[in-house]
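Please find below a colleague's note on this structure, arranged as numbered points for you to check against the coordinates.

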Amino acid sequence: SRVVKLAVIPGDGIGPEVIAEAEKVLDAATAASDVTFDKTRFSLGAARFLDTGDTLTGDDLTAIKSQDAILLGAVGGVPGDPRLKDANIERGLLLTLRFELDHYVNLRPSKLYAGAPGPLAAPGEIDFVVVREGTEGPYVGNGGSIRTGTPHEVANETSVNTAYGIERVVRFAFDQAERRRRRLTLVHKTNVLVHAGAIWKRIVDEVAAEHPDVAVDYLHVDAATIFLVTNPGRFDVIVTDNLFGDILTDLAGAVTGGIGLAASGNINPDGAFPSMFEPVHGSAPDIAGQQKADPTAAIGSIALLLDHLGLHDEAARVSRAIEQDIASRDGTARTTAQVGDAIAARVQA
Ligand code: NAD
Ligand code: IPM
Ligand code: MN
């Protein structure tokens, strides 16, 4: 029988609440199979920092690197909490994990399930995946400020875009398109960000030449936000940089029934490092500790995790259970645990 070493990072706010349900569903999905998950829990996040002053120690990172995969809830304190000002949990922990583990694909699928409470009057069919670059762009921390805090301050945040980094994520996106409806949209802002825009466009054109069966188009990011609302059915695979992908995927979550449904995987396709699965949403301090969070995004991340591990039957059972649960929603309020219990029961049915 196969043993999978799984790091579990519940994190802050609603993180532990949604991860408890995700684990429940993982247990249900694998109860009858011959795979065992050997879980190691890591206490990381704002709570750990406030307690000990650590964000991510060398020992934490070494231990995490030795795992086969990672399940993460959400990290981050209350925005604006002065005690966290310099800690930067987001950069010191989440982005450090994505960078150190070379998660160059941030895979964020969006599907509008029947019965999901989407905000669009006539959404049509929505089923696309955003392939967001995960290790470069304006996220790398390549910036600085001079005359800080004065009226003459100058602050720079430079976007890093390498041919190597773009080509590998673009190739992954084309592979996704080949397995889906064979449409790929590059989203950027080539009319203003001419240097970064040109290299993305060039590499997409080059890789496109190897995939004559994939229909490729391009949208500026501002126009892409229009179509995500007015005609989301036009999208199959979107490939884009780290920051545009961040913004588009919150919007994508909103149009497909809410951020409580949106799952993601931070993937190292080469398998050199463990991939990390997490909901798109954050720690939601406004509803934390109240059993109000929807755990579906975390549970959907379990489906992505299982697929990544090659456990396709188990993944399909989780996805189907989510679909059935959403179809059965009638607006009656349920606790986080009630949603998890319901989905776990459907997985085992
Ligand atoms: P957020 O996603 O935490 O919350 C935005 C809104 O969505 C809130 O009103 C929240 O209540 C709601 N929401 C989020 N998840 C929900 C769920 N599962 N069910 C129901 N409602 C849900 O974003 P924010 O408020 O901008 O950030 C809060 C903290 O989380 C910040 O510290 C931020 O940096 C961090 N963050 C972490 C991650 C991560 O760990 N991957 C992602 C995004 C934000
Ligand atoms: C996300 C989050 C993170 C990001 C933050 C918390 C660093 O918003 O996972 O979407 O911007 O990538
Ligand atoms: Mn985000």
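1. The model is a predicted one, and its overall dimensions are a reasonable place to begin. The C-alpha trace spans about 55 × 50 × 40 Å along its principal axes. Because a compact globule of 349 residues would have a radius of gyration near 20 Å, the computed 20 Å agrees with that expectation.

2. The protein has eleven helices and twelve strands, and 44% of its 349 residues count as buried. Among contacts between residues at least 6 apart in sequence, 78% join residues at least 24 apart.

3. Helix α11, residues 336-348, has 13 residues and reaches 19 Å from its first C-alpha to its last, which is close to the 18 Å expected at 1.5 Å a residue. Its buried residues are T336, V339, G340, I343, A344 and V347. These residues lie on the same side of α11, because they cover an arc of only 130 degrees around the axis. In general, an α-helix has 3.6 residues a turn, so residues three or four places apart point the same way. What covers the buried residues of α11 includes α1 (15-30), α9 (296-308) and α10 (312-327).

4. Which residues of the shell are closest to ligand 1? Of the 22 residues that surround ligand 1, the closest are G76, G260, H281, G282 and A284. By class, this shell has twelve nonpolar, six polar and four charged residues.

5. Around ligand 2 the residues are G76, E90, L94, L95, D246, V280 and G282, which divide into three nonpolar, two polar and two charged. Helix α4, residues 89-100, gives the largest share of the shell around ligand 2, namely three residues.

6. A284 has a positive phi near 45 degrees and is found in the loop between β12 (275-279) and α9. The place of Q291 is also in the loop between β12 and α9, and its phi is positive as well, at about 60 degrees, although Q291 is not a glycine.

7. Q291, with 15 other C-beta atoms within 10 Å, is partly exposed.

Technical notes
Residues are numbered from 1 along each chain as its sequence is written. Chains are lettered from A and ligands numbered from 1 in the order in which they are written. This is a predicted model: local features need pLDDT of at least 70, side-chain atom pairs count only at pLDDT 80 or more; totals for chains, interfaces and linings use all residues. A residue is near a molecule or strand if its C-beta atom, placed from the backbone, lies within 6 Å of it. Ala, Val, Leu, Ile, Met, Phe, Trp, Tyr, Cys and Pro count as nonpolar, Asp, Glu, Lys and Arg as charged, and the others, Gly among them, as polar. Helices (H or I, at least four residues) and strands (E, at least two) are DSSP runs, numbered from the N terminus. The expected span of a helix is 1.5 Å times one less than its number of residues. A residue is buried if 20 or more other C-beta atoms lie within 10 Å of its own, exposed if 12 or fewer, and partly exposed in between; C-beta atoms are placed from the backbone. The arc is that of the directions from the helix axis to the C-beta atoms. Two residues are in contact if their C-beta atoms, placed from the backbone, lie within 7 Å. The radius of gyration is taken over C-alpha atoms; the globule rule is 2.2 Å times the number of residues to the power 0.38.
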